[in-house]
Amino acid sequence: MTRRLGKPYPGCWMFPAGDLIDIQAGFALTLITLIALPIALIAFARSGPLWQSVGKGPFAIEQELPPPSRLSQPDPPVDRKLQEAEARQMLEAKSYRRQQRGEAPLDVEAEVTRLLASPGAAGPAIDEKLRAEIRQLVVARNERRMRRGEAPLDVEAEIERQLADL
C-alpha cells in the first residue's frame, strides 16, 4: 500500500514543509507583535507614577525635607547679656589654660569690655564702598523714575532702607 503525498488523511490538506514553517513563523511574529505591543505600551504608561514613589515612604532612609524657612525670617537680635556671658566663659577658660602653662593670667573683665566694645561686636560695619555703590544704584533708579514721570525717591532714606535690608 502506497501513500499519496497530497492527502495523508481524508479531509486534510498538506502544504510543503518549508512553506508551512515560513507562513507560520511570519504569522506568529506578526500576531505576537500586534497583541503584545499595545499591552506593553499601556503597562509602560501606567508604571510612570509608580516609579516616582520607589524608595519613598515612611520607612525610607532618604526623605525629602521641607524647604528651609531660614530665608524668610531674619535672625533674631543677639542678647547682649548672653553675649557677655559667653565671652566671659571663653576668656576664663583661656586664662585658666595660660595659668596651667605658667603664664600670667588674663584680666577677664578688661578683655570682655574690649571685645564687646570693638566694631565687630555690634554687627558688620557698612563699608564706604558699599554705601557708594548703593548710592549709585539709587541715583540711577531715581533717574529712571523721573523719565517715567514718577516722583523721585529720597536718596539718603533709600540708602538707609537698603542697608537695613542687608
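Tutor: Start with helices. Helices (H or I, at least four residues) and strands (E, at least two) are DSSP runs, numbered from the N terminus. This is a predicted model: local features need pLDDT of at least 70, side-chain atom pairs count only at pLDDT 80 or more, and totals for chains, interfaces and linings use all residues. Residues are numbered from 1 along each chain as its sequence is written, and side-chain values use heavy atoms, with hydrogens and water left out.

Student: Where is Ser47 placed?

Tutor: Ser47 sits in the loop between H1 and helix H2 (48-52).

Student: Is Ser47 buried or exposed?

Tutor: Cut-offs come before the answer. Buried means under 20% relative accessible area, exposed means over 50%, and partly exposed is in between (1.4 Å probe, protein chains only). Ser47 has 18% relative accessibility, so it counts as buried. A polar atom of the Ser47 side chain lies 2.9 Å from the backbone oxygen of Phe44.

Student: Which residues make the nonpolar surface patch?

Tutor: Patches are made of residues with over 30% relative accessible area and no salt bridge; like charges are joined within 9 Å, nonpolar side chains (Val, Leu, Ile, Met, Phe, Trp, Tyr) within 5 Å. Areas come from the Shrake-Rupley method with a 1.4 Å probe; for residues, only the protein chains shown count as cover. Here Phe27, Leu31, Ile35 and Ile39 make a nonpolar patch of about 420 Å². Take Leu31, found in helix H1 (residues 17-46). Leu31 counts as partly exposed because its relative accessibility is 41%.

Student: How many salt bridges does the structure hold?

Tutor: A salt bridge is a side-chain nitrogen of Lys or Arg within 4 Å of a carboxyl oxygen of Asp or Glu. The structure holds 10. One of them joins Glu158 to Arg141, with the closest N and O atoms 3.3 Å apart. That pair links distant parts of the chain: Glu158 is in helix H6 (residues 155-165), Arg141 in helix H5 (residues 128-148), and they are 17 residues apart.

Student: Why does Glu158 count as buried?

Tutor: Its relative accessibility is 9%. Arg141 is partly exposed, at 28%.

Student: Which residues are linked in a network of salt bridges?

Tutor: Arg98, Arg101 and Glu103. Within it, the closest N and O atoms of Arg101 and Glu103 are 3.4 Å apart. Arg101 is exposed, at 56% relative accessibility. Glu103 is partly exposed, at 36%.

Student: What about Glu150?

Tutor: Glu150 and Arg145 meet in a salt bridge through their side chains (3.5 Å, N to O). Glu150 is partly exposed, with a relative accessible area of 35%.

Methods
A polar contact is a pair of N or O atoms within 3.5 Å; within protein, one must be able to donate a hydrogen and the other to accept it, and residues adjacent in sequence count only if both atoms are side-chain atoms.
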